[in-house]
Amino acid sequence: MLCASMMALSLANKDWQFGSNSRNHRSTASKKLVVGDSQSWRYGSNYTDWAIKTSPFFINDTLVFKFDAPSRANPFQHSVYLMRSFWHFLACDFRGAKMVANVKQGGGEGFEFRMKRWMPYYFACGEHDGAHCRDGQMKFIAMPLHQYRY
């Protein structure tokens, strides 16, 4: 699984350093990226696919998590956790995970998370005792890269 994930990310990013992938080639300015694009952060979307299609991510890029707050019309709750490690991410083990957005923070313009360091970020929805994560629906990895001028 780890090898397949790393290979998929490397293939998705294979042309960025040469400038031949104009969609992903960027200047050193950071970007705001809505997680899931028009689908936002909701159950039923594949965020691993979204992350692969959206990559590469760069240090200081901001991920925007948009989701509706719970209400009578919308009983479904979502949150955003930063998982402790790859193994915690794979197992959807929320022990030691840090909640970065609660069920009410995704409304309106959404919750913003800036990736400040060169490290893998493991995101998952922790609601319903982690069921959305365990179903493989609401989880993804972002690995921001350094930006270089050339």
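**Rings, a sheet and a core**

Author: Let's start with Trp41, which is buried, at a relative accessible area of 1%. This is a predicted model, where local features need pLDDT of at least 70 and side-chain atom pairs count only at pLDDT 80 or more, while totals for chains, interfaces and linings use all residues. Residues are numbered from 1 along each chain as its sequence is written, and side-chain values use heavy atoms, with hydrogens and water left out.

Reader: Why is Trp41 called buried?

Author: Buried means under 20% relative accessible area, exposed over 50%, and partly exposed in between (1.4 Å probe, protein chains only). Trp41 has 1%, so Trp41 counts as buried.

Reader: What makes the pair of Trp41 and Tyr47 tilted?

Author: Rings of Phe, Tyr and Trp (its six-membered ring) pair if their centres lie within 6.5 Å; planes under 30 degrees apart are stacked, over 60 edge-to-face, and the rest tilted. The centres of Trp41 and Tyr47 are 4.8 Å apart and the planes stand at 50°, so this pair is tilted. Tyr47 is buried too, with a relative accessible area of 1%.

Reader: And why is the pair of Tyr121 and Phe123 called stacked?

Author: There the planes are at 10° and the centres 6.2 Å apart, so the pair is stacked. Tyr121 is buried at 4%, and Phe123 is buried at 0%.

Reader: How do you know that the charged end of Lys139 sits over the ring of Phe89?

Author: The rule asks for NZ of Lys or CZ of Arg within 6 Å of the ring centre and within 35 degrees of the ring normal. The charged end of Lys139 is 4.5 Å from the centre of the Phe89 ring, and it sits over that ring.

Reader: What makes S1 and S5 edge strands?

Author: Strands are DSSP runs (E, at least two residues), as helices are (H or I, at least four), numbered from the N terminus. Two strands pair if DSSP finds at least two bridges between them. The open sheet runs in the order S1-S2-S5, with mixed pairing. S1 (32-34) and S5 (111-114) each pair on one side only.
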